[in-house]
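Thanks for coming. I will go through a few features of one structure, starting with a helix and its surface and then turning to charged pairs.

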Amino acid sequence: MKTARSQSGVVLIVALVMLGIFSVIVVSMLRGSNINFKIAGNQQYHLEAKHAASNAIEAFLSNPANFAIPLPDEDTEFSHDFNGDGKVDMVAVVAPPTCLNTTPIKQPELDVSDPADAQCLGSGQLGGGGVLSDDGAAAQGNSWCTKMNWDVVASVGDAKTDSRIEMHQGVYLREVIGTPCPN
């Protein structure tokens with residue numbers, strides 16, 4: 001009988017040790033799931049911010065007045081409600097566009113049958129007397145149009161997480177040769 005009593009105490013100690021080990025495992029699993037939940041939330045915010053910036057750039061580009069000279073001098077804000085509750089979830093801010101450079105369009109780049117290219121047909125080359133000419137010798141040179149390359153930047157920030165995303169979009173517009181970059 002002496003061995004049965006000494007064994008019953010050992011079983012209790014082994015059961016308590018096993019319970020402690022299982023408790024540690026459960027607590028570590030809960031911490032891991034909380035971290036994964038935060039990672040998933042951050043990833044969702046990042047994707048929503050990218051969509052907000054992309055939508056803002058597309059809306060900005062669809063308004064030709066944003067590229068008219070003189071350029072707008074203030075930022076343009078675009079609000080986004082992703083969950084449809086009527087409250088603004090994110091605000092994307094688009095800064096005035098920056099003109100990077102202008103590049104003349106060569107005559108061979110134009111499509112004679114395209115009405116949009118009709119205004120560009122002709123030579124934008126300087127003749128011998130310093131006057132723009134429209135002769136056949138300059139048919140391989142510059143046309144009457146130029147490409148203006150622009151950089152449009154949208155940014156989305158979150159005050160709660162202090163995170164920020166910035167998205168750039170390159171755009172080129174066709175203008176009459178000699179139109180200067182306003183920046």
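**Helix, patch and salt bridges**

F22 sits in helix α1, which covers residues 2–61; helices (H or I, at least four residues) and strands (E, at least two) are DSSP runs, numbered from the N terminus. This is a predicted model, where local features need pLDDT of at least 70, side-chain atom pairs count only at pLDDT 80 or more, and totals for chains, interfaces and linings use all residues. Residues are numbered from 1 along each chain as its sequence is written, and side-chain values use heavy atoms, with hydrogens and water left out.

F22 also belongs to a nonpolar surface patch, together with V10, I13, V14, V17, M18, I21, I25 and M29. Patch residues have over 30% relative accessible area and no salt bridge; like charges are joined within 9 Å, nonpolar side chains (Val, Leu, Ile, Met, Phe, Trp, Tyr) within 5 Å.

Now the charged pairs. How many salt bridges does the structure hold? There are two, each being a side-chain nitrogen of Lys or Arg within 4 Å of a carboxyl oxygen of Asp or Glu.

In one, D117 meets R174 at 2.3 Å, N to O. D117 lies in helix α2 and R174 in strand β5 (residues 163–176), 57 residues apart. D117 is buried at 5% relative accessibility, while R174 is partly exposed at 29%; buried means under 20%, exposed over 50%, partly exposed in between (1.4 Å probe, protein chains only).

K147 and E109 form a salt bridge too, with the closest N and O atoms 3.6 Å apart.

Conventions:
Accessible areas come from the Shrake-Rupley method with a 1.4 Å probe; for residues, only the protein chains shown count as cover.
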